[in-house]
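Trainee: I would like to learn how to read a sheet and the helices around it. Where do we begin?

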Amino acid sequence: MPETPTGFTLVTKDVAVYPEHTVTLTLYVPDKAGKYPAVLDIHGGGWKDRQVEQDKPMMERLATRGFVTAIVAYRLSGQAPYPAAINDCKAAVRYLRAHASELKIDSDRIGVMGGSAGGHLTGLMAMTNGLPEYEGDGPDRDQSSAVKAAIVMAGSQDLIAANKEKSNPGTVAFLGGTYQEKPAIYEQASPLQHVRAGVPPTIFIEGEKDTLKIGRAEMQDKLRTLGVETELHTLKDAPHPFWMSQPWCDQVVDIASAFFKKHLGEPKF
């Protein structure tokens, strides 16, 4: 169960207010003064369920390794279809930069991670760094939404291949139609389609007992060809969603801490 660590304050901030939902950030902010690297978590739930509480144990543990951590409550598919979710995640990063001083964040050092539907959105966040068409109409548009490193957990990266032959009701609700009805939207929403030079280091964590994540292997091939750092961690006996239970939650935090320290660095006091 979630339990705010000693030496941290749990705060909730409003990022953007829409008639259907207020986008919020749940943050673990260290009490000790300093400039900390930050990690944004994008929760899963098939783009339709709110799973902030389920991701808190992972993010509170990661915070104790030397980070400000945050979980974004983006608009779900039942509230607003794509691109609302990715727009909200971009707005969350812009908020972190706009309020960096207050939140003790080093605005040059922000990473992102997420699992399942959040893994898909994490991949899309990372691969669309700097592409204005994904920003949406949220606040803090003077700030960058770019991230320096990404961890995709148990998330398909090719929505075309995953839905071309059969329609997944969750994906149809998220994207507002089937692949046959909206092929351009499926292409736009597939992280695999946007791999290009200059995208951030991106690693993948998957569970040994989970299903195949479509497009992950192809995305890693593209990243390697471009010289972008990538690797795969497969957790033994881990089901979907492994990051919500032990021993895999701690294993994820160990992997994430090492990866983000490599690319975001340590706090500066």
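Mentor: Begin with pairing: two strands pair if DSSP finds at least two bridges between them. Keep in mind that this is a predicted model.

Trainee: In what order do the strands of the open sheet lie?

Mentor: In general, strands of a sheet pair through backbone hydrogen bonds, either parallel or antiparallel. Here 8 strands form an open sheet in the order β1-β2-β4-β3-β5-β6-β7-β8, and the pairing is mixed. β1 (8-18) and β8 are the edge strands, each pairing on one side only. From one strand to the next, the twist averages 20 degrees. β1 and β2 (residues 21-30) run antiparallel and are joined by 10 bridges; Phe 8 has Pro 30 in β2 as its bridge partner.

Trainee: How do I describe the packing of α2 with α4?

Mentor: Two packed helices are described by the angle between their axes and the distance between the axes. For α2 (residues 84-98) and α4 (residues 117-127), the angle is about 65 degrees and the axes are 10 Å apart. The crossing is right-handed. On the α2 side, Ala 85, Ile 86, Cys 89, Lys 90 and Val 93 meet Leu 121, Leu 124 and Met 125 of α4. This contact has 7 nonpolar residues, no polar and 1 charged.

Trainee: What span should helix α9 have?

Mentor: α9 (residues 248-264) has 17 residues, so at 1.5 Å a residue it should span 24 Å; its end C-alpha atoms lie 23 Å apart, which agrees. Its buried residues include Trp 248, Phe 259 and Phe 260. Just after α9, Gly 265 has a positive phi of about 85 degrees.

Methods
Residues numbered from 1 in each chain as written. Predicted model: local features only at pLDDT ≥ 70, side-chain atom pairs only at ≥ 80, totals over all residues. Heavy atoms only, no water. Axes fitted to C-alpha atoms, helices over the stretch in contact; angles between N-to-C directions. Helix = DSSP H or I, 4+ residues; strand = E, 2+ residues; numbered from the N terminus. Left-handed = near helix turned anticlockwise from the far one by under 90°. Contact = heavy atoms within 4.5 Å. Nonpolar A, V, L, I, M, F, W, Y, C, P; charged D, E, K, R; others polar. Expected span 1.5 Å × (residues − 1). Buried < 20%, exposed > 50% of the residue type's maximum accessible area, 1.4 Å probe, protein only.
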